[in-house]
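Morning, everyone. I have one model to go through today, and I will keep to what can be read from the coordinates.

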Amino acid sequence: MSGSKQIEPKKGYRLVFFGLLFFLNPQVSFLDLIPDFLGCMLILSGLSQFLFVDARAASARRTTVYLFALSVVRTLLAPVFFWSSGSSSDQGNTNMLLSFSFGVLCILLEGSLVRDLFEMYNYLAVRHDSKVGIKYLELAQSTLTVFVYVKHIAAMIPDFVTLFSEDSTLEYNTASIRMETSLKFVRIALLAISVLGVLILGILAAVRLRRFFAESAKEGGLLDGIRDAAMSDEGVHPGLRIRFAFSGAFSLLIAASLFCADYYFDSVSVLPTALVFVFAAFILHRLKTYRPAKKWEYALCCLGFVIELAIYLYRVLYTAPSAVAEASFSHQPLAVPLGILQAALAAAAFCYLAVILVKTVFEVTQIDLKPRRNAAIAFCLLNAVFSAYYYFIPRGEILHDMLEGFVFLVLLSLLVFVFFTWRLESGFHKEAEWKLL
C-alpha cells in the first residue's frame with residue numbers, strides 16, 4: 001500500500017453497520033422481506049478495510065460470500081411460494097421444508113459471521129487500547145447473536161402448524177373442518193406474534209449496534225492504529241496479499257458453482273445460470289494483478305450472460321402456468337435444445353474459470369491444486385448432464401414422483417459439486433499457511 005488513503009477504517013465501520021441492518025428484519029415463512037444480499041455487498045465493502053490487519057476479516061468475508069449466494073437463491077425461490085400448484089397442505093409442507101432448510105443454514109452462517117466480526121473488533125480494540133469499543137462490544141454481539149437465532153426459529157414456527165392440516169387429520173377426526181379453521185387461526189396468530197417480536201428485537205439490536213459502531217468510528221487512536229497496522233510490514237506481507245486475491249477468486253468460484261445447476265421446481269425455472277458469467281467477469285477482474293484478462297474473455301462473459309438470460313426468460317415464460325404462456329410457448333421445439341445449451345454453457349464457463357484460476361495459483365505460489373480441480377470439473381460435468389437430461393423426461397401426472405426424484409438427484413449432484421469446489425479454496429489455504437506466511 002502506497003498511502004494511508006487506501007485504508008479507511010471509519011468507512012469500514014460504517015459500511016459493516018449499514019450492511020448488518022439489512023439482516024435485522026422479520027421473515028414470513030422462508031421469504032426474506034428485505035433481501036440480505038444487499039447487506040452482504042455493504043459488509044464485503046466494509047471488510048475490505050480490515051483484511052490486512054486481522055485474519056478473521058478474511059474468514060468473515062468468506063462467510064459473507066456464502067450468505068450472499070444463499071440470499072440470492074432464497075430470492076430466486078420466491079416464485080415457488082406464489083406459483084406452486086396443488087393443495088394448500090402441499091403448499092404448506094413445501095414452505096415448511098424450505099423455511100426449515102434455509103433457517104438452519106442461515107443460523108450456522110450468520111452465527112459464524114457475527115462471531116468472526118466481533119472477535120476481529122475485540123482484537124482491534126484490545127490491541128489499540130479502545131476503552132469505548134470494548135465497553136459496547138459485548139452487548140452488541142450478544143444482542144445480535146440472540147436476534148439471529150430468534151429470527152430464524154420464529155420464521156419456522158408458523159409453518160410447523162401445517163403438520164396438523166386437514167389432509168392429515170380427516171381420516172381420524174370427524175371435526176376436521178373446524179380443526180383446520182382453528183389451525184389457520186393459530187398459524188396467523190403465530191405469524192403475527194413472531195413478526196412483531198422479531199421486529200422489536202431487531203430495533204433493539206440496531207440501537208446497540210449503532211452505539212458500538214458509532215463510538216468506535218469516533219476514536220481517533222483506534223482508527224490511526226488500524227491505519228498504521230495496515231501500513232506496517234506485517235500488514236503488507238506479500239503472502240497475505242496473495243491469499244487475499246486468490247481467496248476472493250475462489251469464493252466467487254464457489255458462488256458461481258451454486259448457479260451451474262439448471263432445474264425446475266414446481267414447473268418454475270429458479271436458478272438463472274446467467275449469473276455464472278457475472279461471477280466469471282468478477283473472477284477475471286480479481287486476478288488482474290497476476291493474470292491480466294484478455295478483452296475477448298470479457299466479451300465472452302457479456303455474450304454468455306445475454307444468451308443465458310434470454311434462455312432463462314424463455315423457459316420462465318415456457319413454464320408459466322397461464323393460458324397466454326400455454327398458447328405461445330406450450331409446444332415450442334426450442335425448449336429442449338436451448339435448455340441443453342444453457343446447461344452446457346454454464347458448465348463450460350465454470351471449467352474454464354477453474355482451469356485458469358488453478359493455473360494462475362500454481363504460477364504465482366507453486367501450489368498444485370490440479371487433483372481438486374479435476375474432481376470439481378468432473379462433478380460439474382455430471383451436474384450438467386443431469387440438468388440437460390431432465391429435458392428429455394416427459395411430463396405428466398403419472399411420472400410426477402419420478403420427476404421429483406430426478407430433481408433430487410440433480411440437487412444432490414450440485415451439493416457434491418459445490419463441496420469439491422469448496423475443497424479448491426480449503427486446499428489453497430491449507431498449503432498457503434506453509435508456503436506464503
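The protein chain has 16 helices and four strands. Keep in mind that this is a predicted model. Of its 437 residues, 49% are buried. The chain exposes about 20,800 Å², and carbon and sulfur atoms supply 68% of that area. As for contacts, take those between residues at least 6 apart in sequence: 79% of them join residues at least 24 apart.

Now the aromatic residues. A search of the whole structure gives 20 aromatic pairs. One of them is Tyr13 with Tyr121, which is stacked, at 5.1 Å centre to centre and 25 degrees between the planes. Tyr13 sits in helix H1, residues 9-21, and Tyr121 in helix H5, residues 88-127, so this pair ties together parts that are 108 residues apart in sequence. Are these two tyrosines buried or exposed? Tyr13 counts as buried at 1% relative accessibility, and Tyr121 is buried with a relative accessible area of 1%.

Tyr121 has another ring partner, Phe50. Their centres are 5.8 Å apart and their planes stand at 90 degrees, so this pair is edge-to-face. Phe50 belongs to the loop between helix H2 (36-47) and helix H3 (55-76), while Tyr121 is in H5, so the pair ties together parts 71 residues apart in sequence. Phe50 is buried as well, with a relative accessible area of 0%.

Which residues do the ring pairs link into a cluster? They are Tyr13, Phe17, Phe18, Phe50, Phe118, Tyr121, Phe212 and Phe213.

Back to H1 for a moment. With 13 residues at 1.5 Å a residue, H1 should span 18 Å, and its end C-alpha atoms are 19 Å apart, which agrees. The buried residues in H1 are Pro9, Gly12, Tyr13, Leu15, Val16, Phe17, Gly19 and Leu20. As a reminder, an α-helix has 3.6 residues a turn, so residues three or four places apart point the same way.

Next, the core. The largest nonpolar core has 95 residues, and the members that touch the most others are Tyr13, Leu117, Phe118 and Tyr121. The element that gives the most to this core is H14, with eleven residues. Leaving aside residues up to four places away in sequence, Leu117 touches Val16, Leu20, Leu47 and Ala60.

For a loop position, look at Ile367. It is found between helix H14 (335-365) and helix H15 (370-389). What does Ile367 touch, residues up to four places away in sequence not counted? The list is Val361, Phe362, Phe428, Glu431, Ala432 and Lys435. Of these, Glu431 is 64 residues from Ile367 in sequence, with 7.0 Å between their C-alpha atoms.

Last, the cysteines. How many disulfides does the structure hold? The count is zero. Cys302 is in no disulfide, and its nearest cysteine sulfur, that of Cys301, is 6.8 Å away. Cys302 counts as exposed, at 52% relative accessibility. Cys351 is in no disulfide either; for Cys351 the nearest cysteine sulfur belongs to Cys380, 4.2 Å away. Cys351 is buried, with a relative accessible area of 13%.

That is what I have.

Note on methods:
Residues numbered from 1 in each chain as written. Predicted model: local features only at pLDDT ≥ 70, side-chain atom pairs only at ≥ 80, totals over all residues. Heavy atoms only, no water. Helix = DSSP H or I, 4+ residues; strand = E, 2+ residues; numbered from the N terminus. Buried < 20%, exposed > 50% of the residue type's maximum accessible area, 1.4 Å probe, protein only. Contact = heavy atoms within 4.5 Å. Areas by Shrake-Rupley, 256 points an atom, 1.4 Å probe, with all protein chains shown as cover. Phe/Tyr/Trp six-rings, centres within 6.5 Å; stacked < 30°, edge-to-face > 60°. Expected span 1.5 Å × (residues − 1). Core = buried A, V, L, I, M, F, W, Y, C linked by side-chain atoms within 4.5 Å. Disulfide = S-S within 2.5 Å.
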